[in-house]
Amino acid sequence: MLALFHAFSMKCTQIQRAIKLGDDELVGSLDRELEPLVTAILAYKATSLLEMYMQLQFMSNLIREESDDRSR
């Protein structure tokens, strides 16, 4: 599961760099790569309370970010 979180984090970092560069095509491409990672994280069957907590925090952060984006 940590590998999935790491991959997601790295992809977000790459997107932030592409945004700063103004490379809309790269942003779109990287953004499309996020969806399978999000799906994999949410579909992961947690084997401990810590993993369950991590998934819930991840979902909470996604919801918060989505609501922030829509309020702008």
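Let me start with a definition: helices (H or I, at least four residues) and strands (E, at least two) are DSSP runs, numbered from the N terminus. With that in hand, the protein chain reads α-α-α along the sequence. Its secondary structure comes to 3 helices and 0 strands.

A quick word on the model, everyone. This is a predicted model, where local features need pLDDT of at least 70 and side-chain atom pairs count only at pLDDT 80 or more, while totals for chains, interfaces and linings use all residues. Residues are numbered from 1 along each chain as its sequence is written, and side-chain values use heavy atoms, with hydrogens and water left out.

Now the overall picture. The C-alpha atoms of the protein chain fill a box of roughly 40 × 25 × 15 Å, taken along the principal axes. The chain exposes about 5600 Å², and carbon and sulfur atoms supply 58% of that area. Accessible areas here come from the Shrake-Rupley method with a 1.4 Å probe, and for residues only the protein chains shown count as cover. Of the 72 residues in the protein chain, buried ones make up 22%.

I'll also talk about contact, meaning heavy atoms within 4.5 Å. Among contacts between residues at least 6 apart in sequence, 47% join residues at least 24 apart.

Let's go inside. A nonpolar core is a set of buried Ala, Val, Leu, Ile, Met, Phe, Trp, Tyr and Cys residues joined through side-chain atoms within 4.5 Å. The largest one has 12 residues in all, including Phe8, Ile15, Val27, Leu34 and Phe58. Helix 1 and helix 2 each supply at least two residues of this core, and helix 2 gives the most, with 6 residues.

Which residues does isoleucine 15 contact, leaving aside its neighbours within four places in sequence? They are Val27, Leu30, Asp31 and Leu34. Isoleucine 15 is found in helix 1, and it counts as buried because its relative accessibility is 9%. If you'd like a distance to check on the screen, the C-alpha atoms of isoleucine 15 and glutamate 25 are separated by 11 Å, with the two residues 10 apart along the chain.

Take valine 27 next, which lies in helix 2. Valine 27 has a relative accessible area of 18%, so it is buried. Not counting residues up to four places away in sequence, valine 27 touches Ile15, Ala18 and Ile19. Its C-alpha atom is 8.2 Å from that of glutamine 16, which sits 11 residues away along the chain. Leucine 34 is another core residue; with neighbours within four places set aside, it is in contact with Phe8, Lys11, Cys12 and Ile15.

Are the two partners buried or exposed? Glutamate 33 is partly exposed, at 35% relative accessible area, whereas lysine 11 is buried, at 16%. Besides Glu33, lysine 11 is in contact with Leu30, Leu34 and Leu37, again leaving aside neighbours within four places in sequence.

Glutamine 55 counts as buried because its relative accessibility is 10%. A polar atom of its side chain lies 2.8 Å from the backbone oxygen of isoleucine 41. Among the residues in contact with glutamine 55, beyond its neighbours within four places, are Met1, Phe5 and Tyr44.

Last stop, the surface. Leu42, Leu56, Met59 and Ile63 form a nonpolar patch there, with about 370 Å² of accessible area together. Patches are made of residues with over 30% relative accessible area and no salt bridge, joining like charges within 9 Å and nonpolar side chains (Val, Leu, Ile, Met, Phe, Trp, Tyr) within 5 Å. Helix 3 (residues 49-71) gives the most to this patch, with 3 residues. Leucine 42, in contrast, has its place in helix 2, and it is partly exposed, at 40% relative accessible area.

Notes
Buried means under 20% relative accessible area, exposed over 50%, partly exposed in between (1.4 Å probe, protein chains only). A salt bridge is a side-chain nitrogen of Lys or Arg within 4 Å of a carboxyl oxygen of Asp or Glu. A polar contact is a pair of N or O atoms within 3.5 Å; within protein, one must be able to donate a hydrogen and the other to accept it, and residues adjacent in sequence count only if both atoms are side-chain atoms.
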